[in-house]
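Here is a short briefing to read alongside the structure.

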Amino acid sequence: MRILITGGAGFVGSSLAIALKQNYPSYEIFCLDNLRRKGSELNVARLTKQGISFIHGDIRNKEDFDSLPIVDSVIEASAEPSVLAGLNGSPDYLMNTNLFGTVNCLNYAVKCKASFIFLSTSRIYPIKTLETLDFIESETRFELTDNQKIKGVSAKGIAEDFPLEGPRSLYGTTKLASELIIQEYNEFYNLKTVINRCGVLTGPWQMGKVDQGVMVLWIAKHFFEQQLAYIGYGGSGKQTRDMLHVADLYRLIDWQLHNIDKVNGETMNAGGGVEVSASLQELTAICQRITGKTIPINKVAENRPADIRLYVTDNTKVTALTGWKPEIGIEQIVEEITAWLAENREALEPILK
């Protein structure tokens, strides 16, 4: 099998590429990336060491696809992943990458007659609707209840039939628009496609920032003994997310690559679920225990634009279709990322500190 991974030097793309090459040494894997994100340059050496072909290019430029080899599958893992991107009045890079870039990837897949696996986001669900959900406030977190007035949500989390009307951030909108275009290509170009709406993805080699990659950021700030803040919702640190280790995501993508006909045309939520979720307050306690360090955490009561109190994935559909469910828990995630920081301190400190 020959596979192109766009965003292939990013956290998710490089992790998937290396896992695929280790599990299927005979596969030819090509990683396309513009290396715009700080830290992605570190992954190029990791990719080439594994025998993976790195191609410096940009999905915004359709000409960059002209010289690419014909492949059997495209994994679209490129994105401007920040929820805050474009909100400062400069949305061009976001739009050109996350929307028009996806179109270039689709046209290339059609040319190759390749299957197309798309990594979307839970951020396609509207903010205001999420913020009106019924929840309870426990000592350390916010939790969804089964007492909801709208469909697609329960104590298990958010399902695929959650209502889509309303603003969701420019980032979420570009990903939802890409989903709609993918559905058209599936129908009218007979392109085999599957869409994965991922919650918070994490693991070693993620270059975490405030607006994207919060789990690595949280652990790194403890590890390097710096300052953090609980921002929004009264500064309580009770806002809650589920977390999906990239190795768990890999198992799903691996299954989809080899069983595309069974999920062709499907859109599925994929996240840690209630079992692999934590509030910032709970994550702090785990970081303190595993790193052995306690750092100052400020409290900022006011919410930021596009903040949400609570998001947990309902994996019912993806599990029913594929048998997949996450296996790696929060404690193991924190342990692995802490070990990675210790092993690569010299390279990572300028990026994450």
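This is a predicted model: local features need pLDDT of at least 70, side-chain atom pairs count only at pLDDT 80 or more; totals for chains, interfaces and linings use all residues.

The protein chain holds 12 helices and 17 strands. Its radius of gyration is 19 Å, close to the 20 Å that the globule rule gives for 353 residues, so the chain is as compact as a globular protein of that length.

**Overall shape and surface**

- Of the 353 residues in the protein chain, 57% are buried.
- Contacts reach across the sequence: among those between residues at least 6 apart, 82% join residues at least 24 apart.
- The accessible surface of the chain comes to about 14,800 Å², and carbon and sulfur atoms account for 50% of that surface.
- Charged side chains number 36 positive and 42 negative, with the centres of the two sets lying 2 Å apart.

**Helix 1**

- Helix 1 runs over residues 11-23, and its 13 residues reach 18 Å from the first C-alpha to the last, close to the 18 Å expected at 1.5 Å a residue.
- This helix is mostly covered, as 11 of its 13 residues are buried.
- Among the buried residues of helix 1 are Phe11, Val12, Leu16, Ile18 and Leu20, and the list also includes Lys21.

**Helix 9 and its surroundings**

- Helix 9 covers residues 280-291; its 12 residues reach 16 Å between the first and last C-alpha, close to the 16 Å expected at 1.5 Å a residue.
- The buried residues of helix 9 are Leu280, Glu282, Leu283, Thr284, Ile286, Cys287 and Thr291.
- Their cover includes helix 6, strand 12, strand 15 (277-279), strand 16 (297-300) and helix 11 (330-343).
- Isoleucine 290 is also found in helix 9, but this residue is partly exposed, with a relative accessible area of 24%.
- Which residues does isoleucine 290 touch, not counting those up to four places away in sequence? They are Glu331, Val334, Glu335 and Thr338.
- For isoleucine 290 and threonine 338, which are 48 residues apart along the chain, the C-alpha atoms are separated by 7.8 Å.
- Just after helix 9 comes glycine 292, with a positive phi of about 75 degrees.

- Glutamate 225 has a phi near 55 degrees, a positive value in a residue other than glycine.
- The loop that holds glutamate 225 lies between helix 6 (214-223) and strand 12 (228-231).
- Is glutamate 225 buried or exposed? Glutamate 225 is exposed, because its relative accessible area of 53% is over the 50% cut-off.
- Tyrosine 233 is not a glycine either, yet its phi is positive at about 55 degrees.
- Tyrosine 233 sits in the loop between strand 12 and strand 13 (240-245).
- With a relative accessible area of 12%, tyrosine 233 falls under the 20% cut-off and therefore counts as buried.

**Serine 122**

- Leaving aside residues up to four places away in sequence, serine 122 touches Arg197, Cys198, Gly199 and Tyr311.

Note on methods:
Residues are numbered from 1 along each chain as its sequence is written. Side-chain values use heavy atoms; hydrogens and water are left out. Helices (H or I, at least four residues) and strands (E, at least two) are DSSP runs, numbered from the N terminus. The radius of gyration is taken over C-alpha atoms; the globule rule is 2.2 Å times the number of residues to the power 0.38. Buried means under 20% relative accessible area, exposed over 50%, partly exposed in between (1.4 Å probe, protein chains only). Contact means heavy atoms within 4.5 Å. Accessible areas come from the Shrake-Rupley method with a 1.4 Å probe; for residues, only the protein chains shown count as cover. Lys and Arg count as positive and Asp and Glu as negative; His and the chain ends are not counted. The place of a charge is taken as NZ of Lys, CZ of Arg, CG of Asp or CD of Glu. The expected span of a helix is 1.5 Å times one less than its number of residues.
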